[in-house]
Amino acid sequence: MVRVGIVGVGNIAAMFIQAIEYYGLSEDTVGLIHEIIDGYKASDIRIVYAVDVARTKVGKDVAEAIFAKPNTVPKLVDIRNLGVTVRMGRILDGVAAHMVDDFQPAPLKEPTIDDLADELKSYGVDVLVNLLPVGSSEASRFYAEAAARAGVAFINCIPEFLASERSCCELFERSYTIILGDDIKGQLGSTIVHRTLTSLVAMRGAEIAESYQLNVGGNTDFKNMLEQTRLASKKISKTAAVTSTLPKPEEAFQRVHAGPSGYIPFLGNTKVSYIYIKARGFLGIPVVMDLKLVVDDKAMASAVLMDVVRLAVALKKRGVKGCPHWASAPYFKHPPKQARNEEEALINLYTNLERIGISIEPRKLHLFGAI
Ligand SMILES: NC(=O)c1ccc[n+]([C@@H]2O[C@H](COP(=O)([O-])OP(=O)(O)OC[C@H]3O[C@@H](n4cnc5c(N)ncnc54)[C@H](O)[C@@H]3O)[C@@H](O)[C@H]2O)c1
């Protein structure tokens, strides 16, 4: 059993919890990246703990809270109450000034780090998933530290640099547990598609002259990112994910732009990405690519989370500590160490899992005859 705790019962949580129900009951495996990791199937994932600060969500069963405002993920499966009541969290910088109406805090006592760590232990949480709004620097560190104190694995889905920061890795190492992150990649999201195209350009001997990736969406995630001061790490995370596929990443940073660029309420969870690449090709002749990608942003993140929660528990069970970069690289935009491309990331993952004795099925690279 993989016992999951959620920090921030927003739209990703709403999609993820319904996905667990769907894949847990169905024979359908289309859409799952890996069906079985260390013997764990989707049906082995349980939500056992959830924490939020919004008065619309705290105190409700998590199966009800995922449909409370301002979440916009529709009801996709019939879901019974899970017997898990959303607990009050610590607000800190989780709620930006312009988001107070959306995430109006419940008037309840906020927990200390020790309270949180005790709750994680008493609920038997194996892995805690950080789904706070972008810019939640203090709040993310608060929950990460509580997880470390409780010896619980931590998954950092947001662009706060924790798994990619030395001191945080050391904290998890000393606590005999792991942290995976930072900033979750979508299954077929703008980062992985952009990275794949730029690494293809480099592989074929051409050079990126300039490239941008503009993203618009209509949920609280995009509304929260209207505040520029909360965005610094998001832009670094997204841009570095692309430039790291190129021969001289530091130089390329000036010629690549990737980041959120607009909130359009009627889009809801639909994210539209415009990816433009201009390459200098043979004889310096330009090659131009323009791509429009339309996805359900929350489905994209949840598909990756289905793998990562099982992986985190499997690694912790085998005594892996700190920030194993090869476990984060296929799944996060800003891992402790970036792989040059998606194939390399996956090969590193498979090789290391084999070394530790963790099975993962089906191995995707077989499809291309690469491993
Ligand atoms: N494809 C993706 O959706 C994707 C990809 C990468 C990163 N992310 C990041 O994942 C995070 C979660 O995304 P989402 O769409 O579910 O967000 P969301 O806006 O739907 O939900 C955020 C939740 O956090 C709660 N919250 C705010 N402050 C809190 C605190 N201090 N303690 C506990 N809860 C608090 C809010 O009440 C809300 O329920 C965001 O930071 C997003 O940028 C998403």
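This is a predicted model: local features need pLDDT of at least 70, side-chain atom pairs count only at pLDDT 80 or more; totals for chains, interfaces and linings use all residues.
Helices, as the word is used here, are DSSP runs of H or I with at least four residues, and strands are runs of E with at least two, both numbered from the N terminus.

**The ligand and its shell**

Among the elements that build this shell, α10 gives the most, with four residues. The ligand has 38 residues around it, of which G8, G10, I12, G89 and G94 come nearest. Sorted by class, the shell around the ligand holds 21 nonpolar, ten polar and seven charged residues.

The domain assignment of the protein gives domain 1, made of the stretches 2-185 and 299-356, and domain 2, which covers 190-296. Taken over C-alpha atoms, the centres of domain 1 and domain 2 are separated by 25 Å. The contact takes 26 residues from domain 1 and 27 residues from domain 2. On the side of domain 1 that touches domain 2, the residues divide into ten nonpolar, eight polar and eight charged.

| Helix pair | Packing angle | Distance between axes |
|---|---|---|
| α1 and α10 | about 55 degrees | 9 Å |
| α3 (113-122) and α4 (137-150) | about 55 degrees | 8 Å |

In the pair of α1 and α10, the axes are 9 Å apart and the packing angle is about 55 degrees. Because angles of 65 to 115 degrees count as roughly perpendicular and those under 35 degrees as roughly parallel, this angle makes α1 oblique to α10. The crossing of α1 and α10 is right-handed. On the side of α1 the contact is made by N11, I12, M15, F16 and A19, while α10 contributes K298, A299, A301, S302, L305 and M306. The residues of the contact of α1 with α10 divide into eight nonpolar, two polar and one charged. I12 of α1 takes part in this contact, and I12 is also one of the residues that come nearest to the ligand.

For the other pair, helix α3 packs against helix α4 at an angle of about 55 degrees, with the axes 8 Å apart. That angle makes α3 oblique to α4, and α3 passes α4 in a right-handed crossing. The contact is made by I113, L116, A117, L120 and K121 of α3 together with F142, Y143, E145, A146, A147, R149 and A150 of α4. By class, the residues of the contact of α3 with α4 divide into nine nonpolar, no polar and three charged.

**Backbone details in the loops**

The peptide bond from K69 to P70 is cis, with omega near 5 degrees, and P70 is found in the loop between α2 (62-65) and β4 (87-88). A cis peptide bond also joins G181 and D182, where omega is about 0 degrees, and D182 lies in the loop between β7 (179-180) and α6 (190-203). D38 has a positive phi of about 50 degrees although it is not a glycine, and D38 lies in the loop between β2 (36-37) and β3.

Note on methods: Residues are numbered from 1 along each chain as its sequence is written. A residue is near a molecule or strand if its C-beta atom, placed from the backbone, lies within 6 Å of it. Ala, Val, Leu, Ile, Met, Phe, Trp, Tyr, Cys and Pro count as nonpolar, Asp, Glu, Lys and Arg as charged, and the others, Gly among them, as polar. Axes are lines fitted to C-alpha atoms, for helices over the stretch in contact, and angles run from 0 to 180 degrees between N-to-C directions. Angles under 35 degrees count as roughly parallel, over 145 as roughly antiparallel, 65 to 115 as roughly perpendicular and the rest as oblique. A crossing is left-handed if the near helix is turned anticlockwise from the far one by less than a right angle, and right-handed if clockwise. Two residues are in contact if their C-beta atoms, placed from the backbone, lie within 7 Å. Domain bounds come from an automatic or database domain assignment.
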